[in-house]
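Have a look at it first, then read the points in order.

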Amino acid sequence: MKRDVTFRCEGLSKSFDGVQALVDFHLVLPSEGIVAIIGPNGAGKTTLINLLTGFLRPDSGQVFLGERKTINLAPHKIARLGVARTFQDLRLILQVSVLDNVMLSRPNQRGERLFYALTRIGVRAEQERNRDVSMELLRFVGLKDKAGKLAGELSYGQQKFLALACCLATDAKILLLDEPVAGVHPEMACRILELLRKLRDDGKLVVFIEHDISAVRSTAERVIVMDHGKIIAQGIPSEVLERSEIMEAYLG
Amino acid sequence: MVYIEHILVLIGIYTILSVSLDLLAGHTGLMAMSHAAFYGLGAYTSGLAAVYFGAPFIVGVLLGMTVAAMVSLVVSLPSLRLRDDYFVIATFAFQIILFSIFNNWIGLTSGPLGIPAIPQPSIFGWTIGSHAGFVAVAAILAGFGYFVVWRIATSPFGRVLNAIREDEIFAQALGKHTLWFKVEAFAVSAALAALAGSLFAHYITFIDPTSFTVMESILIISMVIIGGAGSRWGPLIGAVVLVTLPEALRFVGLPSSVAANLRQIIYGTLLVIMMIVRPRGLVGKYGFGR
């Protein structure tokens, strides 16, 4: 994927049973950096990520990834364009090992094609490379020692790290993270935010939904404040988060 | 002796059926009710090919597997877009439809009269007429079916199937075309069921629609669940248990009219007991209750 390819939303609207989750929503994401999305519950943050990743279809409006319209693409196709996401309710395969979760996440595996699954031609060598890359990613997120454990045996915080490792394993350039630090120990949250900064330094675009204002302030280069399905403010965190009317809307 | 050999052949046939269904039910989490339909499709395809065109056993087997795999696409492409319960109903409907075709397309299948005089198979000039020979062929084919399923289950392809069973949305978010994986698994499973069907047709040398009813699908599902879905030996053990158990009842000395009905009662009771006491099956890792 080219470096400057990124998401652009034009006039997105989505409602659920008459409740407007997004209203005529316009947004242009930068091609790299760290962007935080904040807003009260029900502001439409998760809906936005679901629309960007193809898990929901908008009622109207368009999403572009670079020049490409993506609203009619299936989730797996958008993922293959270099977009990875995590879920608010962590989604992992809890019954298999931590390493298997990451290996599963690697893209374009030969052994995932039926012919090669049966004949195993070149699959062993590929899986060894796959294992090395996956172990390296587990080292990066600090789970190397847990590689052989079942994912379900990890603590909630460790599972958040694993979800991040799975995202990275897809080689995505754009990471959309739904509350990556919510509900984890503050020390762990710091480490996750530190990883996000490292990923930014590697040229990735990291978009994360967050409730903790201090996390946004310390990490994000840009913040988008949403309320009732609209952007009510966006810009540099130090400026936006000082404006009292924004904070009032946010704190409700 | 012939009696024991007969049971061994049946175990071979049902091993292929339960192991191949387990690729869907156990490894992918798709409870297909249509397995007997593909079993019948294989039996009818190779039976008819042998009777009308004198096709050799191996040709009939390959033909049956191909037809079943192709027909599976007709079922899987629309029904695999449906969610769990609806998929079960869609495959159930397909099972009913195929049985009706076997039973009513008189011109092709002779309907309830069935197809008699299917020749015993000959492989490279060696005609398998003895029961011992059939035990060998059944064992080889069961081993082949088992090998194919286990090979797939332990590959990266199987890893994706497992992921689909546990969390399809996660797999999609990782860029896996989950529908296609399910369609492929369904086709392999159907083709293996057809293999069992060909073996059955050439072994019994007579087929009629009553062998391929929805009850047969339920029997195969029972084997998978009682043995342990998604496990290494579960479906095999399930096949052995559910083939031998009713045979053992013969020696209790019940009148045949009672014994036949008793079989159904036993399957039902066993399933209920297993669901309560051991939902993972005898040796299984994964339960269906979540």
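**Notes on the two chains**

1. Let's begin with chain A: among its contacts between residues at least 6 apart in sequence, 66% join residues at least 24 apart. Two residues are in contact if their C-beta atoms, placed from the backbone, lie within 7 Å.

2. Please keep in mind that this is a predicted model, in which local features need pLDDT of at least 70 and side-chain atom pairs count only at pLDDT 80 or more, while totals for chains, interfaces and linings use all residues. Residues are numbered from 1 along each chain as its sequence is written, and chains are lettered from A and ligands numbered from 1 in the order in which they are written.

3. Chain A holds ten helices and ten strands; helices (H or I, at least four residues) and strands (E, at least two) are DSSP runs, numbered from the N terminus. Its radius of gyration is 19 Å, close to the 18 Å that the globule rule gives for 252 residues, so chain A is as compact as a globular protein of that length. The radius is taken over C-alpha atoms, and the rule is 2.2 Å times the number of residues to the power 0.38.

4. How much of chain A is buried? Buried residues make up 44% of its 252 residues, where buried means that 20 or more other C-beta atoms, placed from the backbone, lie within 10 Å of the residue's own.

5. Turning to chain B, you will find eleven helices and two strands. From the N terminus, the order is α-α-α-α-α-β-β-α-α-α-α-α-α. Of the 290 residues of chain B, 52% count as buried.

6. Within chain B, the axes of helix H1 (residues 2–28) and helix H6 (residues 131–153) come within 9 Å and cross at roughly 15°. Axes are lines fitted to C-alpha atoms over the stretch in contact, with angles running from 0 to 180 degrees between N-to-C directions. H1(B) and H6(B) are therefore roughly parallel to each other, a term for angles under 35 degrees.

7. Finally, the two chains meet: the contact takes 26 residues from chain A and 23 residues from chain B. On the side of chain A that touches chain B, the elements giving two or more residues are helices H2 (75–80), H3 (98–105), H4 (114–119) and H5 (123–141) of chain A. H2(A) gives the most to that side, with four residues.

Notes: Buried ≥ 20, exposed ≤ 12 C-beta atoms within 10 Å, placed from the backbone. Parallel < 35°, antiparallel > 145°, perpendicular 65-115°, else oblique.
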